Amino acid sequence: MNAPTFLPQTQRLQRAAGDPNWMQRSMITRMMRPVVVEDVVTVAPRLRRITLSGEVLAAAAFAPGLRVGLVLDDSLVGRVYTPLTWDRSAGTLTLLLYLNGLGPGSHWAQALQPRQTCGFMGPNTSVALPPPDVRGWMFGDETSLATAGALAAHGGLADRRIVLVLPEGHERVLADLGLADITWIRRGPEDKHLPELLSVMGQARLDAGPIVLTGEAAMITAVRRHLRDADVAASRIKTRAYWAKGKAALS
Ligand SMILES: Cc1cc2nc3c(=O)[nH]c(=O)nc-3n(C[C@H](O)[C@H](O)[C@H](O)COP(=O)(O)OP(=O)(O)OC[C@H]3O[C@@H](n4cnc5c(N)ncnc54)[C@H](O)[C@@H]3O)c2cc1C
């Protein structure tokens with residue numbers, strides 16, 4: 001894929017003619033800001049940590065769990081990610097991108113090279129994570145590693161009640177993310193890991209704090225149903241689906 005060139009207005013309008021989504025496209029081009037890829041590192045079999053820099057990153061306020069949008073190229077296709085770290089003084093942030101091998105976001109991340117540019121939007125609120133002094137639980141998967149890492153780095157869930165379902169080999173990043181002491185479960189074929197996950201998450205009912213569920217939509221639904229069957233108050237459960245089987249681009 002080509003890096004976006006941030007087309008001048010006249011070209012954008014020419015493209016817009018005959019494009020049924022031109023209003024949405026012109027809104028995106030007005031809202032996005034350019035960022036540069038500074039670094040790309042493969043940190044696990046299908047996980048890449050990327051560092052982005054740009055003026056817009058020096059201006060924004062950061063809290064763990066926020067989402068940002070990346071506009072990948074001139075087609076204006078975009079995908080949403082969670083910052084792992086954000087250094088306002090340097091104008092940089094890092095993301096952890098899981099390579100599912102199926103969609104444009106994954107293909108883009110797989111081919112990404114330093115000095116490439118892309119469009120940046122946000123940050124926006126996504127899921128309310130527990131503040132440092134609150135005990136609670138977090139569940140996620142390979143797309144939630146940045147969420148869990150940012151939470152840990154900011155002192156959230158100091159008792160590390162974090163449970164991640166991870167594909168083979170991805171547990172090796174946990175120590176680097178300050179998550180060596182969390183619970184992780186190997187993702188099995190056809191959701192074979194589900195009974196173990198429900199058993200671990202069932203312990204959350206014994207505590208009183210918030211329970212944050214992120215990652216794959218059907219897994220979130222299964223965990224939420226299990227918790228509610230165990231009489232956990234709905235008000236304790238906060239959810240944000242990051243992806244859904246057979247669906248593209250949740251936001
Ligand atoms: C608020 C929010 C925060 C997010 N934060 C992160 C993050 O920090 N890191 C990150 O990697 N992702 C994150 N995601 C998910 C990320 O946006 C999706 O993984 C992304 O949409 C995948 O884009 P894609 O173009 O590769 O695939 P899509 O075009 O979206 O989907 C193509 C196909 O791939 C499948 N698919 C998507 N993800 C997976 C997967 N993990 N395993 C197997 N199949 C999959 C879909 O079911 C679909 O069938 C976040 C999503 C949201 C909504």
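Residue numbers start from 1 along each chain, in the order in which its sequence is written. Because the model is predicted, local features need pLDDT of at least 70 and side-chain atom pairs count only at pLDDT 80 or more, while totals for chains, interfaces and linings use all residues.

**Domains**

The chain is divided into domain 1 (9-124) and domain 2 (137-243); these bounds come from an automatic or database domain assignment. Taken over C-alpha atoms, the centres of domain 1 and domain 2 are separated by 26 Å. Domain 1 gives 14 residues to the contact and domain 2 gives 16 residues, where two residues are in contact if their C-beta atoms, placed from the backbone, lie within 7 Å. On the side of domain 1 that touches domain 2, at least two residues come from each of β1 (33-44), β5 (83-87) and β6 (92-98). Helices (H or I, at least four residues) and strands (E, at least two) are DSSP runs, numbered from the N terminus. The residues on that side of domain 1 are ten nonpolar, three polar and one charged. Here Ala, Val, Leu, Ile, Met, Phe, Trp, Tyr, Cys and Pro count as nonpolar, Asp, Glu, Lys and Arg as charged, and the others, Gly among them, as polar.

**The shell around the ligand**

Which residues come nearest to the ligand? Of the 30 residues around the ligand, these are Leu102, Gly103, Gly105, Ser106 and Ala248; a residue is near a molecule if its C-beta atom, placed from the backbone, lies within 6 Å of it. Two or more residues of the shell come from each of β4, β6, α4 and β12 (237-243). The element that gives the most is β6, with four residues. By type, the shell holds 15 nonpolar, nine polar and six charged residues. Domain 1 and domain 2 each supply at least three residues to the shell.

**Helix α4**

Gly105, Trp108 and Ala109 are the buried residues of helix α4 (residues 104-111). A residue is buried if 20 or more other C-beta atoms lie within 10 Å of its own, exposed if 12 or fewer, and partly exposed in between, with C-beta atoms placed from the backbone. The three cover an arc of only 95° around the axis, so they are on the same side of α4; the arc is that of the directions from the helix axis to the C-beta atoms. Their cover includes β2 (47-53), β4 and β6.

**Strand β9**

Five of the five residues of strand β9 (residues 162-166) are buried, so the strand is largely enclosed by the rest of the structure. In a regular strand the side chains alternate between the two faces of the sheet. In β9, Ile162, Leu164 and Leu166 are buried on one side, and Val163 and Val165 on the other. Strand β8 (residues 137-141) pairs with β9 in the parallel sense over four bridges; two strands pair if DSSP finds at least two bridges between them. Val163 in β9 is the bridge partner of Phe139.

**Backbone details**

Two residues have a positive phi although neither is a glycine.

The peptide bond from Gly122 to Pro123 is cis, with omega near 5°. Pro123 is in strand β7 (residues 117-124).
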